[in-house]
Amino acid sequence: MSDTRRRVKVYTLNEDRQWDDRGTGHVSSTFVERLKGISLLVRAESDGSLLLESKISPNTAYQKQQDTLIVWSEAENYDLALSFQEKAGCDEIWEKICQVQGKDPALEITQDPIDESEEERFEEMPETSHLVDLPPCELAKLEEIADLVTSVLSSPIRREKLALALMSEGYIKKLLELFQVCEDLDNREGLHHLYEIVRGVLFLNKAALFEVMFSDDCIMDVVGCLEYDPALVQPKRHREFLTKTAKFKEVIPITDSELRQKIHQTYRVQYIQDIILPTPSVFEENFLSTLTSFIFFNKVEIVSMLQEDEKFLTEVFAQLTDEATEYGKRRELVNFFKEFCAFSQTLQPQNRDAFFKTLANLGILPALEIVMGMDDLQVRAAATDIFSYLVEFSPSMVREFVMQEPQQTDDQDVLLINVVIKQMICDTDPELGGAVQLMGLLRTLIDPENMLAPTNKTEKTEFLSFFYKYCMHVLTAPLLANTADNVKDSPEGSTKINPVCPDNFQTAQLLALILELLTFCVEHHTYHIKNYIMNKDLLRRVLVLMNSKHTFLALCALRFMRRIIGLKDEFYNRYIIRGDLFEPVINALLDNGTRYNLLNSAIIELFEFIRVEDIKSLTAHIVDNFYKALEPIEYVQTFKGLKTKYEQEKDRQTQRHSRYRRDSRPMEDDEETWLNEDDEEEEGETLVEKSKSEEDFPESYEKYMEAKKGSANGTNGKPTAAPSSPPSPNSTSAKPPALPATPVTKAGLVGLVDYPDDDEEEEEEESPRKRPRLGS
C-alpha cells in the first residue's frame, strides 16, 4: 500500500518552460548525513537508481498544487516537481516538508524566495496580520482593487497574502458578478479595471485560484474580463470565438462527463495562455509557470483517461479502417489521433511506451496506409504527423510491420514505405515542406545506427535487403527519369548538355532530397548501395545533374561522388575509371571559368582529397586523361601536386622493377666479360627483360614507357659505351637500334632531357586553355 502511495513522477522545468519527465520511482524523506539534513529521495522503480536527492531547505518555497503535486525551485532557473499517484502520499510528504520548515500543512505554499530585509519585516509582523485587507467588492471600489492587485506583484510575501485573502472570502466569484453588471451597463472604465484585476490575479501564479477561475462556472467570465484591454480601441471577441467558431467535435461520443469537462477546460486555458495573455516580459516569465504546469498535467490526465477506456479506442479504430466510413468522418478521426499522439508526449516513458503499443496492437499502421493514400491534403498531413510520432517512438516497430507486408500482398505500390516515398515525390508544396519531413522519417528508418537492438540481431540485414528489393527503385525513379541518357540519340558535339536535366525548381529540390538520402546510403549501407550503384550505373546518371542551372543540385551530385570517393574503395575507383566519370566534373570546373564560388571550391576539394589521400589509381587516371585540361589552373597547387604524385609513383615502380631484375641472380665475372664482348646480344636481352618488366607496370604507365622508347630511338640510335652490368629499365643509354621509328608524343616526355626544339614543337600543339570543355 505504501509503495503505491509513495509512487511519484519526477519532473524538471526546461529552458522553454516545459516540464521534462525524469522518471518514475518511490519517494521517501530521510536524514542524509552528507547533506546534513532531512532530504527527499526518489529511487527509480525499474533499477533502484537515485532519481532525486534534495535537501529540504528551511528557506525554500514549496508549493502544493491540485492535491497531488509538489513544486519547488532548487536554484535559479531549476524548478522541480513531484507528481504523486495518490493524494495520501502527497499529503504525507507535504506534512514532512512543513514539519521541517515549521509551517502549517494547511497552507498551499510554505514561503516565497524573498530578500533579507523583507523577511525581517515579515517576521516582525503580528500573526493576526497574515491577510491583506481587501476593499469591499463594489463598482466604486474597482479602481482601488486594481491598484492593490498591481502593487503586490513585486513582493512575494504580499502576493501570497493576497492570494489567501482572495480564497478565504470567495472574492473571485464576486468580482465576476461585477463584470456582468459592468458589461450590462457598458461601463468601460469598470471593465478596464476588471481587466487589470483578472490579469493580476493570474500573475499571482496560484493553482488554488486557477481551480476557481477555470471552473465551468467562471472561465467564460474570466475570458470576458480579458477582452477589455485598455490598450485596445475595441474589445476582442474571444468568447464569441470559443463558443461559436471553435467547435468541439466528438468523433466517438465521450460518455465520461469528467473527461469531457477536462478537455474543454484544457483547450480554453491553453487559449488564454497562447492567445489572450500578452507575451510576458523578462520580469514576468515566472509569473505564469503554474499556469503552464496546470495545462501540462491536465493533458497527462486526459491521455490517461482515454487510454484506459478500451471501448472508446476500439470503436475509433474500427471506424477509421472501415471502408464504409464517410470521407469527412475519416478526416475527423485522423485529426483526433494526431492530437491524441501530441498529448501523449506529456506521458512518462513507461506510459508512453504502453500508449504506442496499444495503438500498434489496434492497427494504427495499416490505418495510416489507407489515409496516407487519400487525396485530402489535410488528412495526409495529419497522417504524416502521426507516422512521425510512431517512427520517433520505435523505428523497429515500423520496420517489423513493413517487412511482413510482402507476405500479405504482391502489389508493391501499397507497401507502407512505398506509400511514404510516393507522398514525398508527389508533394505539391512549392517549398516541399512535407517532402522534407518524410525524407527525415525515411532516413531514420534506414539508419543502421538504430537497428542494433539485441532482441533482433538480423534486423539490419533483413530490413536493408527488403528496402533495396522493394523500395529503392521507387525512390530513385524520379532521378533516373530526369537523367535519361540521350547520348546515343544526340547529334555529335551536343552530348555534354543533357536536355532532360531538370530546370524546374521544384523538381530540382526533389532530386536534391533524393540525392541527400542516397548519399546517406553510400555512407551507411556499404554492401547494398554498392551493388545498386554498379548495377544501375547510378553515378553516371547522377553526374548528369552537374549540368543543372541550379547550383545547389550540381553540388548535391558532386557531394554524392565525393562521398563515394571518400570511402577509398577500389571497387568504386575501378567503376569510376572504367566509366570515365571524372569528365562531367572536370567539364563543370572548366565551364565555371574563373568564378571563385562554392562549386569551384567543392570540385577542387574533391581532387585535393585524392591528392592528400594518395589514391593511386584515380591519380593515374586523372593525370593520364585530363592533365592537359587542368594544367592551366595554377591558383591552387592541387593539379600540379597530382602530377607530382603520379611521377613519384612511376619512379618508384621503375626503381622497384630495376632492383628486382638486377638482384634476381648475382652475376659472375665470366658472364660480365662475355656481356661486355657482345653488345648486340646484351641489347637483345635488355629488350626482352624490359618487355617483361613493363607487363608488371600499372596500365596507366604504358603510354609513358612507349613514349620513352620512341624518344630513345629518335635521339640515341646506339649505346655510346657497353655497360659493366645489366642496364636498368629506366636507362636511356641502352635501347635496341632495330625498333621501327615511332612518332614522339610530347605528353609522355615528362622527366626526360629537355631539348631546344621542344618549346617550338609544343607551341604548334593545341593548348588546353583554348578548350573550354573536354571532348569538344
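**Notebook: Glu227 and other places in the chain**

I began with Glu227, which is buried, with a relative accessible area of 4%. Buried stands for under 20% relative accessible area, exposed for over 50%, and partly exposed for what lies in between, with a 1.4 Å probe and protein chains only. I note that this is a predicted model, in which local features need pLDDT of at least 70 and side-chain atom pairs count only at pLDDT 80 or more, while totals for chains, interfaces and linings use all residues. Residues are numbered from 1 along each chain as its sequence is written, and side-chain values use heavy atoms, with hydrogens and water left out.

**Entry 1: around Glu227**

I placed Glu227 in the loop between helix H9 (219-225) and helix H10 (238-245). Helices (H or I, at least four residues) and strands (E, at least two) are DSSP runs, numbered from the N terminus.

Which backbone nitrogen does the side chain of Glu227 reach? I found that of His238, at 3.0 Å.

A salt bridge is a side-chain nitrogen of Lys or Arg within 4 Å of a carboxyl oxygen of Asp or Glu. The pair links distant parts of the chain: Glu227 sits in the loop between H9 and H10, Arg239 in helix H10, and they are twelve residues apart.

I then listed the contacts of Glu227, setting aside neighbours within four places in sequence. They are Leu232, Pro235, Lys236, Arg237, His238 and Arg239. Contact means heavy atoms within 4.5 Å.

**Entry 2: other salt bridges**

I searched the whole structure and noted 26 salt bridges. One of them joins Arg5 and Glu92, with the closest N and O atoms 2.5 Å apart. Arg5 lies in helix H1 (residues 2-5) and Glu92 in helix H2 (residues 87-101), so this pair ties together parts that are 87 residues apart in sequence. Arg5 is buried at 19%, whereas Glu92 is partly exposed at 27%.

Arg188 and Asp186 form a salt bridge too, at 3.2 Å from N to O. Arg188 is partly exposed at 32%, and Asp186 is partly exposed at 49%.

**Entry 3: cysteines**

How many disulfides are there? I counted zero; a disulfide is a pair of cysteine sulfur atoms within 2.5 Å. For Cys137 I looked up the closest cysteine sulfur, in Cys182, and the gap of 9.9 Å is too far for a bond. Cys521 is buried, at 0% relative accessible area.

Most residues other than glycine have a negative phi.

Asn205 is in the loop between helix H7 (188-203) and helix H8 (207-213). Lys568 is in the loop between helix H26 (551-566) and helix H27 (570-578). Are they buried or exposed, or in between? Asn205 is buried, at 11%, and Lys568 is partly exposed, at 44%.

**Entry 4: a covered helix**

I checked helix H16 (residues 364-371) and found it mostly covered, with six of its eight residues buried. Those six are Ile364, Leu365, Ala367, Leu368, Glu369 and Val371. Their cover includes helix H13 (310-321), helix H14 (327-344), helix H15 (349-362), helix H17 (377-393), helix H18 (395-404) and helix H19 (416-425).

**Entry 5: a surface patch**

Leu139, Val181 and Leu185 make a nonpolar surface patch of about 250 Å². Patches are made of residues with over 30% relative accessible area and no salt bridge: like charges are joined within 9 Å, and nonpolar side chains (Val, Leu, Ile, Met, Phe, Trp, Tyr) within 5 Å. I located Val181 in helix H6 (residues 171-185), and its relative accessibility is 34%, which counts as partly exposed.

**Entry 6: whole chain**

I noted 35 helices and seven strands. Of the 776 residues, 46% are buried. Among contacts between residues at least 6 apart in sequence, 66% join residues at least 24 apart. The accessible surface is about 39900 Å², and 49% of this belongs to carbon and sulfur atoms. Accessible areas come from the Shrake-Rupley method with a 1.4 Å probe; for residues, only the protein chains shown count as cover.

Notes
A polar contact is a pair of N or O atoms within 3.5 Å; within protein, one must be able to donate a hydrogen and the other to accept it, and residues adjacent in sequence count only if both atoms are side-chain atoms.
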